[in-house]
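Let's take a friendly tour of some ring contacts, one question at a time.

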Amino acid sequence: MTPELAALAASVLVHLAAVMWSQQALNGDIGKDGNVGTRENLEARISPRTARLRRALANHVENTGLFIIAVVLVQMTGSNSWLTATAAWVYVAARALYLPAYAFGWVPWRSLIFTAGLLATLLMIVASLI
């Protein structure tokens, strides 16, 4: 397995951690009804931290697609290198750090961590084009 594919697998673990943390926080605020109910009007019933965790999870979902594309491009073009491997693991580290950064309101670090992950993904895409 290439380092980029290993990083993709690791990003799944980060994703699962984001889902579990967000759902645990929702359970803590609302109880089981938050997970098995209709989830209508949740924003008015949840804590600010739970709201941030839900936004962090949504952001993670949005960015995972770009990372998958980057890994597929690197794999399909055979442009794997130390640079793409490093970028892939920077993405994973950035996404793992992004969750607590968003949950605990680490300003401006959250934005810097997000930018590191996005730039790592873009670097992989550019590397696949060269």
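Q: In this predicted model, which residue lies over the face of Y98?
A: The ring centre of Y98 is 4.5 Å from the residue in question. A charge counts as sitting over a ring only if it is within 6 Å of the ring centre and within 35 degrees of the ring normal. The residue over the face of Y98 is R95.

Q: Which residue has its charged end over the ring of Y102?
A: Y102 belongs to one aromatic cluster with Y98 and F114. Its ring centre lies 4.3 Å from the charged end of R110. The residue asked for is therefore, by the 6 Å and 35 degrees limits, R110.

Q: Is the pair of W21 and F104 stacked, edge-to-face or tilted?
A: The two ring centres are 5.9 Å apart, with the planes at 50°. Stacked needs under 30 degrees and edge-to-face over 60.

Q: How many residues apart are W21 and F104?
A: W21 is in helix α1, residues 3–30. F104 is in the loop between α4 (82–103) and α5 (109–129). The pair links distant parts of the chain, and the separation is 83 residues.

Q: Are F67 and Y91 buried or exposed?
A: These two rings form a stacked pair, 3.9 Å centre to centre with 10° between the planes. The pair links helix α3 (residues 48–77), which holds F67, with helix α4, which holds Y91. Buried means under 20% relative accessible area, and both F67 and Y91 are buried.

Definitions and conventions
Residues numbered from 1 in each chain as written. Predicted model: local features only at pLDDT ≥ 70, side-chain atom pairs only at ≥ 80, totals over all residues. Heavy atoms only, no water. Phe/Tyr/Trp six-rings, centres within 6.5 Å; stacked < 30°, edge-to-face > 60°. Helix = DSSP H or I, 4+ residues; strand = E, 2+ residues; numbered from the N terminus. Buried < 20%, exposed > 50% of the residue type's maximum accessible area, 1.4 Å probe, protein only.
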